[in-house]
Amino acid sequence: MPAGAAGCLLAVAALTGCGSGNDQGGGTTTVPATPQTPATASFSGMPPSALASSAASAIASARASASAAASSASARASQFEASVDAQAAHAGAAAEQQLKKVQGRGNALAEVGMTGLPRAQTAGLTAALVTITNKTGEKASYAAQVDFLDASGKVVETRFVGAENLAPGKQEQPIAFSRQPAQTQLTPRLTKAQRY
């Protein structure tokens with residue numbers, strides 16, 4: 001056999017002999033392909049799936065809506081509080097003006113009552129809930145004076161509350177707040193009540 005042919009046979013035998021030793025079928029053994037590393041030059045991180053992207057967009061939209069709603073609710077609450085404060089200030093000023101003209105305790109003590117509010121509900125401040133009930137047969141306005149007395153009985157503060165154009169049989173309940181420090185022990189007293 002020529003030397004070239006023998007060399008080829010030896011090369012083929014060597015190649016077939018490189019398989020695993022547990023090839024029992026006697027067939028040919030294939031050499032596994034060398035794994036290829038993917039080209040990563042065009043990668044830009046982990047691309048989000050369409051579902052993840054849609055969810056992220058929905059979450060961002062919901063957060064923006066919630067934030068806008070909270071901001072809007074806060075603005076409405078502030079406007080409402082300012083409106084209530086303005087109405088209370090107006091009613092208080094009108095009540096004070098009316099009571100300056102009143103001699104004695106006024107003509108509406110039977111239509112105006114008062115109860116103290118627990119300090120737990122008023123952030124520690126002394127406050128009185130004034131209940132004004134129109135017991136007449138026509139619209140009427142009311143003015144009430146609440147004095148806050150210290151332990152010795154001395155008036156340390158006066159507040160005015162009122163109800164304007166109250167329909168017959170209707171009731172309003174303004175609150176008279178003392179602005180004295182919370183630790184000051186005060187007792188509210190309904191001093192005057194006038195229907196006008």
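Predicted model: local features only at pLDDT ≥ 70, side-chain atom pairs only at ≥ 80, totals over all residues.

**Exercise 1. Find the helices and strands, and write down their order along the sequence.**

Solution. Start by counting: the protein has two helices and seven strands.

**Exercise 2. Work out how the strands E3, E4 and E7 are arranged in their sheet.**

Solution. Step one is the order: E4-E3-E7, in an open sheet of three strands with antiparallel pairing. Step two is the edges: E4 and E7 each pair on one side only, so they are the edge strands. Step three is the twist, which averages 20 degrees from one strand to the next. Finally, look at E3 and E7: eight bridges join this antiparallel pair. Can you spot glutamine 145? Its opposite residue is lysine 192 in E7.

**Exercise 3. Explore the largest nonpolar core and the surroundings of valine 130.**

Solution. First, recall that nonpolar side chains tend to be buried together in soluble globular proteins. In this model, 23% of the 196 residues count as buried. The largest nonpolar core has 17 residues, and among those with the most contacts inside it are Val112, Val130 and Ile132. Then ask which strands contribute: E2 (127-133), E3 (140-149), E4 (155-166) and E7 (187-195) each supply at least two core residues. The largest share, five residues, comes from E3. Last, zoom in on valine 130: leaving out residues up to four places away in sequence, its contacts include Val112, Ala144, Val146 and Val161.

Note on methods:
Residues numbered from 1 in each chain as written. Heavy atoms only, no water. Helix = DSSP H or I, 4+ residues; strand = E, 2+ residues; numbered from the N terminus. Buried < 20%, exposed > 50% of the residue type's maximum accessible area, 1.4 Å probe, protein only. Core = buried A, V, L, I, M, F, W, Y, C linked by side-chain atoms within 4.5 Å. Contact = heavy atoms within 4.5 Å. Pairing = 2+ DSSP bridges. Axes fitted to C-alpha atoms, helices over the stretch in contact; angles between N-to-C directions.
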